[in-house]
Amino acid sequence: MQFGIDREESTGFFRVALGLYYLSSLMTKETLDFDKLDSEFNRFIYHTIGKGHSITSILQYMSGEKVVQVVESRRFLKAFGEYCTEVPLENIPFLLGLNLGVAKDISRIDVRGPVADYIERQRQLREAADAK
């Protein structure tokens with residue numbers, strides 16, 4: 001959060017970093033206790049940014065247009081790469097895609113839009129780099 005230039009950007013950085021960390025923690029072969037996991041994340045979120053926020057609201061935020069501004073921010077990427085080494089930067093498009101897929105399955109929303117466009121751009125950039 002401390003790398004954002006104002007409260008809105010700092011809160012966006014927090015939401016995206018925590019959401020990516022949460023989604024990454026789901027990528028395990030171990031059986032997860034979602035009630036316990038969500039409770040722990042929700043408690044941390046409440047103590048950090050206050051009432052009215054939850055892991056569900058963070059994942060919803062990550063399905064919207066504002067997440068693209070965050071994941072394209074050099075300040076965010078630098079800070080996230082340095083402080084959240086458990087989640088490699090190259091995994092961000094995959095994790096955002098995972099989140100969109102879950103959002104689509106749960107709420108039947110149309111996943112086309114800025115986040116899907118970002119994921120596609122990242123795929124194209126990765127393929128272009130691999131072709132060199």
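1. Basis. The model is predicted, so local features need pLDDT of at least 70 and side-chain atom pairs count only at pLDDT 80 or more, while totals for chains, interfaces and linings use all residues. Residues are numbered from 1 along each chain as its sequence is written, and side-chain values use heavy atoms, with hydrogens and water left out.

2. Helix 1 and helix 2, geometry. Helices here are DSSP runs (H or I, at least four residues), numbered from the N terminus. Axes are lines fitted to C-alpha atoms over the stretch in contact, and angles run from 0 to 180 degrees between N-to-C directions. The crossing of helix 1 past helix 2 is right-handed, meaning that the near helix is turned clockwise from the far one by less than a right angle.

3. Helix 1 and helix 2, contact. Helix 1 contributes T11, F14, L18, Y21, Y22 and S25, and helix 2 contributes F34, L37, D38, F41, F44, I45, T48 and I49. Contact means heavy atoms within 4.5 Å. Sorted by class, there are ten nonpolar, three polar and one charged residues (Ala, Val, Leu, Ile, Met, Phe, Trp, Tyr, Cys and Pro count as nonpolar, Asp, Glu, Lys and Arg as charged, and the others, Gly among them, as polar).

4. F44 lies in helix 2. With a relative accessible area of 42%, F44 is partly exposed (buried means under 20%, exposed over 50%, partly exposed in between, with a 1.4 Å probe and protein chains only). Not counting residues up to four places away in sequence, F44 touches F14 and L18. From F44 to S54, ten residues apart in sequence, the C-alpha separation is 9.1 Å.

5. Helix 1 and helix 5. These two pack at an angle of about 45°, with axes 11 Å apart, and are therefore oblique to each other. This crossing is also right-handed. On the helix 1 side are E9, F13, V16, A17 and L20; on the helix 5 side, R75, F76 and F80. The classes are six nonpolar, no polar and two charged residues.

6. Nonpolar core. The largest core has 32 residues, of which L20, M62 and L96 touch the most other members. A core is a set of buried Ala, Val, Leu, Ile, Met, Phe, Trp, Tyr and Cys residues joined through side-chain atoms within 4.5 Å. Two or more residues come from each of helix 1, helix 2, helix 3 (55-61), helix 4 (66-71), helix 5 (74-83), helix 6 (92-107) and helix 7 (114-131). Helix 1 gives the largest share, seven residues.

7. L96 and V67. Beyond four places in sequence, L96 touches L20, M62, V67, V71, V115, Y118 and I119. V67 is in helix 4 and is buried, at a relative accessible area of 0%. The C-alpha atoms of V67 and M27, 40 residues apart along the chain, are separated by 21 Å.

8. P88. This residue sits in the loop between helix 5 and helix 6 and is partly exposed, with a relative accessible area of 29%. P88 and S24 are 64 residues apart in sequence, but 9.6 Å apart in space, C-alpha to C-alpha.

Notes:
Angles under 35 degrees count as roughly parallel, over 145 as roughly antiparallel, 65 to 115 as roughly perpendicular and the rest as oblique.
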